[in-house]
Amino acid sequence: MSRSHQEAAVPPASRTSIVKVVGASLVGTTVEWYDFFLYGSAAALVFNKLFFPDFDPLVGTLLAFATYAVGFAARPIGGVIFGHFGDKIGRKQMLVITLMLMGGATFLIGLLPTYATIGIWAPILLIVLRLVQGFALGGEWGGAVLMAAEYGTPERRGYWASWPQAGAPAGNLLAVAVLALVSAVTTDQQFESWGWRIPFLLSAVLVGVGLWIRVSIEESPVFRAAREQSAKAEEAPKLPVVQVLKEYPREIILAIGARLAENIGYYIFTAFALAYATGEAGVSQGTALNAALIASAVHFGAIPTMGALSDRFGRRPVYLVGAVGVGVWGFVFFALYDSQSFLLLALAGTIGLIFHGAMYGPQASFFSELFSTQVRYSGLSVAGQVSSIVAGSLAPIIATALLIEYGSSLPISMYLAGAAVLTVIAVVLSRETARSDLTRDPAADRASVGAGRL
């Protein structure tokens, strides 16, 4: 029996409310992103000195960002593996496993000896733990946004699904806040000696809270209905990732393109901005961190706001505003950073992240609505994590290399603008998905339309 064009009807609402699901997803993603971004912030501030001390400071920063990028290399692997089991077994179990993996790796980074103690083994172990972080995050993102999207109603799916996305700035905000606090109560020597370890070790507490909340929610009703229907029809895909690549190649390519400006813009406005501020612009560490705190706080509110706007005006219009905005703002951003003014630094980051939020807010619902339930976790993870390699992982490295080569921020702004152009093209070529029915199979519907035209 071939897969029906319409999957099983969603069962009645369970005891797990949408608010509880969104809360669990938000807390979990906040912890995951706290762990992941903490590494990026530390790479910008101290890892070049602690793990690559024999190099020129700017080259050391480049090497620190290279280990940062290693985490992105593992994300597609995590996305494929956790996406496979998330589509076969369920979303909830994968979210618990990814949270434990991420927390364990982050805690161990806080215990790592530095280059001065064990030599070359220090950066090697750092890379291994970074790989575990990336592997876990690759599986986390798709599951977290799907739980919210599949519980949400079509009319407000953009809003509800955007809340797990807000875990990114919340995690970044928390990471920068803890780093700023530790930096404020320690001298530079103390911070480099042991202070930087405290935020990593605190991860154990945050993971405990996240696990306690996540185990209390129930599996997605849309997934449960699809699994029951597949079991009756004996048609569950053996390899969801193969099926999604076969049936949704256009959607995956367009989703990757749509993430370019979003992903590149975010890591330039956050991770690279810290290194640029403290290195090239000559701003103090405290000033850079506090400016980033303000920007991340505004970003946290902007994401669900943009998700709600996408419910009203559509996913594509809101996304396009963000893509164009990021491409233009890149030319203003560094000029404001060069001013060395705290207020202008905060303004630069805030406006940049508002434009980013216009893409990141609708993204969860936009991408979720492109795929059928049976392969949705795999499709979302493959598209999201492949783009993280070509975009986010390379952004700080490319930006640093451009700065070394040209001694100017202009090529970095042009790089960001080029990414924005590609994202605009991808979004324009995508179909509008707002208020679509997640129990429908887009591939089967597309085939029906095509057959009807013959």
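Before I continue, a note on the source. This is a predicted model, in which local features need pLDDT of at least 70 and side-chain atom pairs count only at pLDDT 80 or more, while totals for chains, interfaces and linings use all residues. Residues are numbered from 1 along each chain as its sequence is written, and side-chain values use heavy atoms, with hydrogens and water left out.

Let me turn to the chain as a whole. The protein chain has 20 helices and zero strands. Of its 454 residues, 61% count as buried, that is, under 20% relative accessible area, with exposed meaning over 50% and partly exposed in between (1.4 Å probe, protein chains only). Among contacts (heavy atoms within 4.5 Å) between residues at least 6 apart in sequence, 88% join residues at least 24 apart.

I return to Ile-89. Because its relative accessibility is 32%, Ile-89 counts as partly exposed. Together with Ile-77, Val-80, Ile-81 and Phe-85, Ile-89 forms a nonpolar surface patch with about 370 Å² of accessible area. Such areas come from the Shrake-Rupley method with a 1.4 Å probe, and for residues only the protein chains shown count as cover. Patch members have over 30% relative accessible area and no salt bridge; nonpolar side chains (Val, Leu, Ile, Met, Phe, Trp, Tyr) are joined within 5 Å, like charges within 9 Å. A salt bridge is a side-chain nitrogen of Lys or Arg within 4 Å of a carboxyl oxygen of Asp or Glu.

Next, the aromatic residues. The whole structure contains 16 aromatic pairs, with ring centres within 6.5 Å for Phe, Tyr and Trp (its six-membered ring); planes under 30 degrees apart are stacked, over 60 edge-to-face, and the rest tilted. Phe-82 and Phe-135 are a tilted pair, because their centres are 5.2 Å apart and their planes stand at 55°. Phe-82 lies in helix H2 and Phe-135 in helix H5 (residues 121–151), so this pair ties together parts 53 residues apart in sequence. Phe-82 is buried at 5% relative accessibility, whereas Phe-135, at 22%, is partly exposed.

A second tilted pair joins Phe-272 and Tyr-276, with centres 6.0 Å apart and planes at 45°. Both residues lie in helix H13 (residues 249–278), four residues apart, about one turn of the helix.

Definitions and conventions: Helices (H or I, at least four residues) and strands (E, at least two) are DSSP runs, numbered from the N terminus.
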